[in-house]
Amino acid sequence: MSLSSKDLISIKDISPEEIELILETAAGFKDVLGRDIKKVPALRGKTTVNLFYEPSTRTRTSFEVAAKRLSTDVINIATSTSSVVKGETLLDTAKTVLALGADIVVIRHNCSGTPHFLARNIDASVVNAGDGTNEHPTQALLDLFTMKEKKGRIQGLEVAIVGDILHSRVAKSNIYALIKMGAKVRLIGPPTLVPDYLKDLGVRVYFDMNAGLEGADVIMMLRIQLERQGRGFFPSTHEYFRNWGLTAARVSRAKDDVIIMHPGPMNRGIEIASEVADSSRSVILDQVTNGIAVRMAVLYLVSGVKA
């Protein structure tokens, strides 16, 4: 089996079978990461370009490490130091990148839909590394991989997603992916940060943190995206933490074997207490490691190389 598209743009576009294929392929690549020589020749001779229009540390680095583990040549383009600042369009930048021999373009952009536009206009494979407030599909896939690794399954899990859901592309991709894979999704946060339309997807919405965490298998905390908030969505960060911050007392409302997730970067003391972020229930650093394996799988599969 292979992916049906040369691109990975949205979780909405891929089937549960394709998600399983990516997770199974990632499991094989995670074994590679445990070897003394953490590299395979799977994509030798290919070129990957990381085209990031927004600041990023862990996602860009994760894609770069993943590509290098597959033996591809990697070109990193930070648009703040490229011809973009001289007025070059996205499409012209992409065509220049293709002329350099790119086979795969990994793009992050602050405008929703940009990866879709790029995929329609270039022959290279396009991977969405986050577009606006729309989607972040590889983050959702690595989150699924981590849940399956820690809990042994995804179907039937009670997953509580907490925080700034309105501005979170991570939350949206996870909602689409978790529902496709049979998990039960709860959204928890201030009424101003939980869009009402998401109820139509079959999620349950809680504005009370304690009630929402009751019996959860997984708690996924989200970063408060103050840079995307043009107006006040809550009175203060102090009040936010008091009402929706994750503390040890609140974790006790969930199941005894609950796991704590966060896509990072964390705002300690605003959305999560340090004693929880650093506890034995936290799998936050596992998410980072698993991100490399999952992105290796995505790059490998979109390249069209057959197993």
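# Reading sheets, cores and salt bridges

Modeller: Leaving aside neighbours within four places in sequence, isoleucine 161 is in contact with Ala171, Asn174, Ile175, Leu178, Val185, Arg186, Leu187, Ile188, Met220 and Leu222. This is a predicted model.

Biologist: Which residues touch the most other members of the largest nonpolar core?

Modeller: The general idea comes first. In soluble globular proteins, nonpolar side chains tend to be buried together. Here the largest nonpolar core has 63 residues, and Ile161, Leu178, Leu187 and Leu299 touch the most other members. Helix H11 gives the largest share of this core, ten residues. Another core lies apart from it, with 24 residues, among them Ile219, Phe233, Tyr240 and Leu246.

Biologist: Is strand E5 largely enclosed or open, and why?

Modeller: Strand E5 covers residues 158–162, and five of the five are buried, so E5 is largely enclosed by the rest of the structure. Buried here means under 20% relative accessible area. Both faces of E5 are covered: Glu158, Ala160 and Val162 are buried on one side, Val159 and Ile161 on the other.

Biologist: How should I read the sheet that holds E5?

Modeller: Strands of a sheet pair through backbone hydrogen bonds, either parallel or antiparallel. In this case five strands form an open sheet in the order E7-E6-E5-E8-E9, with parallel pairing. Its edge strands are E7 (204–206) and E9 (259–261), each pairing on one side only. On average, neighbouring strands of this sheet are turned by 20° against each other, direction ignored.

Biologist: How many bridges join E5 to E6, and how many join E5 to E8?

Modeller: E5 and E6 pair in the parallel sense over five bridges, and valine 162 has isoleucine 188 in E6 as its bridge partner. On the E8 side (residues 218–221), four bridges join the parallel strands, and valine 159 stands opposite valine 218. Further along, strand E6 (residues 184–188) runs parallel to E7 and is joined to it by three bridges. There isoleucine 188 has tyrosine 206 in E7 as its bridge partner.

Biologist: Which helix makes a β-α-β unit with E5 and E6?

Modeller: Helix H6 (residues 169–180) does, and the unit is right-handed.

Biologist: What is the strand order in the sheet of four strands?

Modeller: That open sheet has the order E2-E1-E3-E4, with parallel pairing. The edge strands, E2 (73–78) and E4 (125–131), each pair on one side only. Neighbouring strands of this sheet are turned by 15° against each other on average, direction ignored.

Biologist: Where does E1 sit in terms of burial and pairing?

Modeller: E1 is mostly covered, with six of its six residues buried. Thr47, Val49 and Leu51 are on one face, Thr48, Asn50 and Phe52 on the other, and both faces are covered. Six bridges join E1 to E2 in parallel, with threonine 47 opposite aspartate 73. E1 (residues 47–52) also pairs in the parallel sense with E3 (residues 104–109) over five bridges, and phenylalanine 52 stands opposite arginine 108 in E3. E1, helix H2 (residues 58–69) and E2 make a right-handed β-α-β unit.

Biologist: Which strands does helix H11 lie across?

Modeller: H11 (residues 284–302) lies across E3 and E4, running at about 145° to E4.

Biologist: How many salt bridges does the structure hold?

Modeller: Side chains of opposite charge can pair when their charged atoms come close. The structure holds 14 salt bridges. One of them joins the side chains of lysine 68 and glutamate 64 at 2.8 Å, N to O. Both residues lie in helix H2, four residues apart, about one turn of the helix. Lysine 68 counts as partly exposed at 39% relative accessibility, whereas glutamate 64 is buried at 16%.

Biologist: What about pairs that link distant parts of the chain?

Modeller: Lysine 150 and aspartate 286 meet in a salt bridge at 3.3 Å, N to O. Lysine 150 is in helix H5 (residues 137–151) and aspartate 286 is in H11, 136 residues apart. Lysine 151 and aspartate 257 also meet in a salt bridge, 3.3 Å from N to O. Lysine 151 lies in H5 and aspartate 257 in the loop between helix H9 (248–251) and E9, so the pair ties together parts that are 106 residues apart in sequence. Lysine 151 counts as buried at 18% relative accessibility, while aspartate 257 is partly exposed at 40%.

Biologist: Which residues do salt bridges with shared partners join into one network?

Modeller: Arg60, Glu64 and Lys68.

Definitions and conventions:
Residues are numbered from 1 along each chain as its sequence is written. This is a predicted model: local features need pLDDT of at least 70, side-chain atom pairs count only at pLDDT 80 or more; totals for chains, interfaces and linings use all residues. Side-chain values use heavy atoms; hydrogens and water are left out. Two strands pair if DSSP finds at least two bridges between them. Helices (H or I, at least four residues) and strands (E, at least two) are DSSP runs, numbered from the N terminus. Axes are lines fitted to C-alpha atoms, for helices over the stretch in contact, and angles run from 0 to 180 degrees between N-to-C directions. Contact means heavy atoms within 4.5 Å. A nonpolar core is a set of buried Ala, Val, Leu, Ile, Met, Phe, Trp, Tyr and Cys residues joined through side-chain atoms within 4.5 Å. Buried means under 20% relative accessible area, exposed over 50%, partly exposed in between (1.4 Å probe, protein chains only). A crossover is right-handed if, with the strands pointing away from the viewer, the path from the first strand over the helix to the second runs clockwise. A salt bridge is a side-chain nitrogen of Lys or Arg within 4 Å of a carboxyl oxygen of Asp or Glu.
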